[in-house]
Amino acid sequence: MNCCLLKHWILVIVLLWCCLKVAENLQPGRAQRAALSPGRAKRGWVWNQFVVPEEMTTRQHVGQLRSDLDNGNNSFQYKLLGTGAGSFSIDERTGDIFAIKKLDREEKSLYFLRAQVIDVTTGKAVEPESEFVIRVLDINDNEPKFLDEPYEATIPEMSPEGTFVIKVTANDADDPATGYHTRILYNLEQGQPYFSVEPTTGVIRVSSKMDRELQDTYCIIIQARDMLGQPGALSGTTIVSITLSDINDNKPIFKKSFYRFTVSEFAPSGTTIGKIMAYDDDIGENAEMDYSIEEDDSQTFDIITDNETQEGIVILKKKLDFEHQNHYGIRAKVKNRHVAEELATAHVNASSTYIKVQVEDEDEPPVFLLPYYIFGIPEEMPRGSIVGTVSAIDTDRRQCPIRYSITGSKMFHIHDNGTIITTNLLDREVSAWYNLSVTATEAYNLQQISSVPVYVQVININDHAPEFSEYYETYVCENAKYGEIIQTISAIDRDESIEDHHFYFNHFVEDTNNSSFILIDNKDNTAVILTNRTGFSLKEEPVFSIIIFIADNGIPSLTSTNTLTIQVCDCGESGSTETCTSKGLLFIMGFKTELVIAILVCIMVILGFVFFMLAMKQRRKQTLFPEKSEEYGENIFCYDDEGGGEEDSEAYDIVELRSNTVMREKKSRRSKSAEIRSFYRQSLQVGPDTAIFRKFILEKLEEANTDPYVPPFDSLQTFAFEGTGSLAGSLSSIGSRATDQEDNFDYLNDLGPRFKRLACMFSSAMKPNN
């Protein structure tokens with residue numbers, strides 16, 4: 001027993017001795033040993049080393065290296081070596097180490113350096129190089145930062161509490177081994193009461209049910225704080241966008257409880273009668289509906305669903321007869337197409353609506369043989385060219401004739417047989433298509449109208465020559481060399497070509513031989529202008545003009561003549577024409593200023609002329625109507641009697657009215673009494689010649705309209721004209737006052753009851769005169 005114990009202790013001692021030897025052989029550099037415990041070093045080194053905090057100010061003391069052989073007589077020199085030596089400096093005499101740069105642990109936490117001591121007198125190393133480490137101590141200088149931003153999540157609406165939404169993660173670049181620098185807590189800054197976040201994991205969960213129909217998107221703010229949220233902690237935030245996806249928790253509902261439709265009794269099967277619409281607050285697949293008919297004993301109607309608009313389309317299944325039944329009443333209902341079992345309770349009692357269909361007993365309008373017509377006609381065709389023919393028929397039994405008309409265009413006309421012709425020349429470059437509306441109307445019932453769209457395409461012909469694609473401002477420097485490119489030109493063609501446009505450029509023949517410039521066609525619808533000599537003179541010849549021919553590939557080919565103006569410019573030492581462009585711009589701006597001044601002067605002249613005309617009109621107002629100041633001596637009498645009218649067929653002879661009228665002869669009134677009595681009945685209806693009177697009125701109207709001094713208000717026009725007169729002569733006393741003072745008007749009593757008042761008036765007037 002004792003022997004075993006002895007052997008055991010001997011083995012332990014041997015193992016300890018071996019470990020010490022191994023430790024001596026594997027002993028780290030002098031600086032590493034000092035980092036563990038400062039003290040005496042191998043080979044006579046004595047030094048101290050301290051842990052360096054990051055963000056330390058420059059020229060901060062770090063530690064000291066010292067050899068045991070150093071007796072303080074300044075005979076030793078200390079040196080730092082290694083990749084990190086640039087961040088530190090050492091006092092060569094004392095061995096003190098200083099940090100000369102601001103240290104950041106996140107960039108570099110350990111510095112592996114080598115130290116060497118040299119005898120100044122001999123210049124030899126006193127001891128071999130020794131390695132040591134300087135460790136940078138962490139401080140809390142980095143705020144947490146969220147990874148994988150931006151955060152977006154989608155959850156179903158009405159999700160229960162505790163439903164997982166998304167997990168956010170923040171990272172802290174500080175040293176996790178130093179205090180709580182990287183211990184992060186999460187907090188919900190915005191998003192209550194619908195969401196919550198787990199403080200340590202960053203998991204976001206639902207804390208209250210949400211309805212997508214009220215709000216479909218939520219933006220919450222999550223804050224991450226290090227040091228477990230203690231004072232002095234740093235924080236960072238992120239935004240999480242949460243979208244609610246739809247579930248089918250709403251059933252479709254009709255907003256209208258009653259629909260009224262009308263349909264012709266001749267409508268064919270499958271005719272759309274009308275549309276009904278239910279509304280669903282859900283979206284997407286959850287809003288898809290199916291309509292059906294509940295009450296329709298006649299089986300006359302059906303309803304289908306428009307998958308695009310989710311409308312219910314009521315269609316006709318059978319033909320109708322107004323004499324048999326003129327109205328129908330049906331009920332339609334609607335339900336969702338996709339309903340989950342757990343949501344079936346929300347879709348009980350489907351919504352319904354009542355539909356009343358009224359059958360109309362009326363003629364059908366004309367029907368066109370095609371739903372639309374497309375015609376083509378080449379441009380520049382002469383007026384009256386035929387475009388095409390449309391045709392409509394009357395499906396009623398009587399086969400009423402059809403009349404056609406075109407609305408919305410003055411470029412076309414349509415004949416009674418439906419043939420459309422042109423009324424003006426067509427230009428494809430002005431309008432390539434014409435959208436017409438042709439209307440067909442029954443001749444015996446103008447209310448029966450139908451229309452059809454007619455599309456007329458104007459087919460292109462090559463009638464436009466190519467031209468420059470833009471206005472070119474071309475400059476050439478005075479010191480330009482031979483063969484220098486000064487301008488690249490291109491062309492455009494307003495014609496439409498089936499193939500791609502291709503243009504050919506050529507220089508005017510007379511200009512080619514002695515021209516200062518040459519043209520080269522690039523064969524790609526562009527050409528370049530090159531100098532044909534060296535040097536130009538701005539004073540002697542400042543502007544050049546070259547004539548360029550441009551031809552297209554149309555049939556037939558068209559050629560245009562274009563002039564390119566080239567201005568000589570003093571480009572200076574730069575040799576660039578950009579300076580010429582700026583000068584041209586300044587010239588244009590100056591020209592615009594002069595143009596504005598000229599326009600203002602013209603406006604002032606026009607206003608002065610207008611004021612002058614207004615003043616002239618004011619002067620003419622006093623003498624415009626001189627006849628208003630005259631006093632008329634004639635008396636005005638009112639006659640309440642009128643002629644026999646159209647029913648008095650015996651009052652005149654129509655043959656007499658059609659006979660040529662004769663001019664009045666000025667005769668004595670005394671000798672006309674017998675003639676007046678004989679032509680009494682004819683004079684009641686005969687009046688002035690209508691054509692002559694109309695011509696006179698039009699002449700006076702034209703005179704008034706063309707007079708520049710006529711004021712813009714009603715004026716008095718004097719018409720001293722009675723026409724050619726009637727066979728009975730004039731019965732007026734105007735004009736006879738001076739010559740017929742002694743006339744006897746007793747013959748008026750013989751003209752009948754209609755002239756009784758006139759005879760009484762003249763007889764009473766003659767007595768005072770006598």
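## Close-up views of a predicted model

View A. The side chains of Glu288 and Arg337 form a salt bridge, with an N to O distance of 3.7 Å. Glu288 sits in the loop between strand 21 and strand 22, and Arg337 in the loop between strand 25 and strand 26 (351-360), so this pair ties together parts that are 49 residues apart in sequence.

View B. The strands are arranged in the order 20-26-25-22, with mixed pairing. Strand 20 (258-264) and strand 22 (289-295) are the edge strands, each of which pairs on one side only. On average, neighbouring strands of this sheet are turned by 30° against each other, direction ignored. Strand 22 pairs with strand 25 (residues 327-336) in the antiparallel sense, over six bridges. Within this sheet, Asp290 has Lys335 of strand 25 as its bridge partner.

View C. Glu311 and Lys275 form a salt bridge, and their closest N and O atoms are 3.7 Å apart. Glu311 belongs to strand 24 (residues 311-316) and Lys275 to strand 21 (residues 272-279), so the pair ties together parts that are 36 residues apart in sequence. Both side chains belong to partly exposed residues: the relative accessibility is 21% for Glu311 and 42% for Lys275.

View D. A search of the whole structure gives eight salt bridges. One of them joins Arg205 to Glu198, with the closest N and O atoms 2.9 Å apart. Arg205 is partly exposed at 28% relative accessibility, and Glu198 is partly exposed with a relative accessible area of 28%. Elsewhere in the chain, salt bridges link Arg212, Glu213 and Asp246 in a network.

**View E. The annotated transmembrane region and a nonpolar surface patch.** An unreviewed UniProt entry carries the annotation "transmembrane region" for residues 595-615. A nonpolar patch on the surface is formed by Leu595, Val596, Ile599, Leu600, Ile603, Ile606, Leu607, Phe609, Val610, Phe611, Phe612 and Leu614. Together these side chains' residues have about 1,200 Å² of accessible area. Phe609, one of the patch residues, is placed in helix 4 (residues 578-620). Phe609 counts as exposed because its relative accessible area of 53% is over the 50% cut-off.

**View F. Ala440, a buried residue in strand 34.** Ala440 is part of strand 34 (residues 433-442). Its relative accessibility is 0%, so Ala440 counts as buried, the cut-off being under 20%. Ala440 and Asp394 are 46 residues apart in sequence, and their C-alpha atoms are 9.7 Å apart in space.

Methods. Residues are numbered from 1 along each chain as its sequence is written. This is a predicted model: local features need pLDDT of at least 70, side-chain atom pairs count only at pLDDT 80 or more; totals for chains, interfaces and linings use all residues. Side-chain values use heavy atoms; hydrogens and water are left out. UniProt positions are given in the numbering used here, feature names are shortened, and annotations may be inferred rather than shown by experiment. Two strands pair if DSSP finds at least two bridges between them. Helices (H or I, at least four residues) and strands (E, at least two) are DSSP runs, numbered from the N terminus. Axes are lines fitted to C-alpha atoms, for helices over the stretch in contact, and angles run from 0 to 180 degrees between N-to-C directions. A salt bridge is a side-chain nitrogen of Lys or Arg within 4 Å of a carboxyl oxygen of Asp or Glu. Buried means under 20% relative accessible area, exposed over 50%, partly exposed in between (1.4 Å probe, protein chains only). Patches are made of residues with over 30% relative accessible area and no salt bridge: like charges are joined within 9 Å, nonpolar side chains (Val, Leu, Ile, Met, Phe, Trp, Tyr) within 5 Å. Accessible areas come from the Shrake-Rupley method with a 1.4 Å probe; for residues, only the protein chains shown count as cover.
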